[in-house]
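Q: I would like a close look at one part of this protein, with the cut-offs behind each term stated. Please treat the matter as one connected account.

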Amino acid sequence: MFSIQNLEAIRLETNTKLKTIRDNTSAQVRLILTSDQQKQFDALKADWDKKSNANDKGWHIPGLPPGPPCGPGTMCSPAPDHASQPAAK
């Protein structure tokens, strides 16, 4: 049976795997860059990480600070209550 705990476990496992892939890929990219390019790459990556953390919808990577708490439009937000909305004409 589905549960929030199951979803959380899957999310944590997936985010851990994705972080490993991103870290390994970044390390491989850095190896083929010149020193100046590495500096640019590091600056771009830092900017991307900052934006990614700011846009986090609760699917943060373990070990990094989480983004804003759950709210409307996020994955952990409850489904809208359609019963309270007027019927479409």
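With which side chain does that of D23 meet in a salt bridge?

A: The side chain of D23 meets that of K19 in a salt bridge, at 2.6 Å from N to O. A salt bridge here is a side-chain nitrogen of Lys or Arg within 4 Å of a carboxyl oxygen of Asp or Glu. The structure is a predicted model, in which local features need pLDDT of at least 70 and side-chain atom pairs count only at pLDDT 80 or more, while totals for chains, interfaces and linings use all residues. Residues are numbered from 1 along each chain as its sequence is written, and side-chain values use heavy atoms, with hydrogens and water left out.

Because D23 and K19 are four residues apart in helix α1, about one helical turn separates them. Helices are DSSP runs of H or I with at least four residues, strands are runs of E with at least two, and both are numbered from the N terminus. D23 has a relative accessible area of 34% and is therefore partly exposed; K19, with 26%, is also partly exposed.

A search of the whole structure finds five salt bridges.

Helix α1 itself has 28 residues and spans 41 Å from its first C-alpha to its last, close to the 40 Å expected at 1.5 Å a residue; the expected span is 1.5 Å times one less than the number of residues. Its buried residues are R11, N15 and S26. S26 is classed as buried because its relative accessibility is 14%. Apart from neighbours within four places in sequence, S26 is in contact (heavy atoms within 4.5 Å) with F41 and K45.

L7 also lies in helix α1, which covers residues 4–31, and is partly exposed because its relative accessibility is 35%. Together with F2 and I4, L7 forms a nonpolar patch on the surface, with about 330 Å² of accessible area in total. Such patches consist of residues with over 30% relative accessible area and no salt bridge; like charges are joined within 9 Å, and nonpolar side chains (Val, Leu, Ile, Met, Phe, Trp, Tyr) within 5 Å. Accessible areas come from the Shrake-Rupley method with a 1.4 Å probe, and for residues only the protein chains shown count as cover.

As for the setting, the protein has two helices and zero strands. Buried residues make up 10% of its 89 residues. The accessible surface comes to about 7300 Å², of which 63% belongs to carbon and sulfur atoms. Of the contacts with a separation of 6 or more, 39% are between residues 24 or more positions apart.

Key: Buried means under 20% relative accessible area, exposed over 50%, partly exposed in between (1.4 Å probe, protein chains only).
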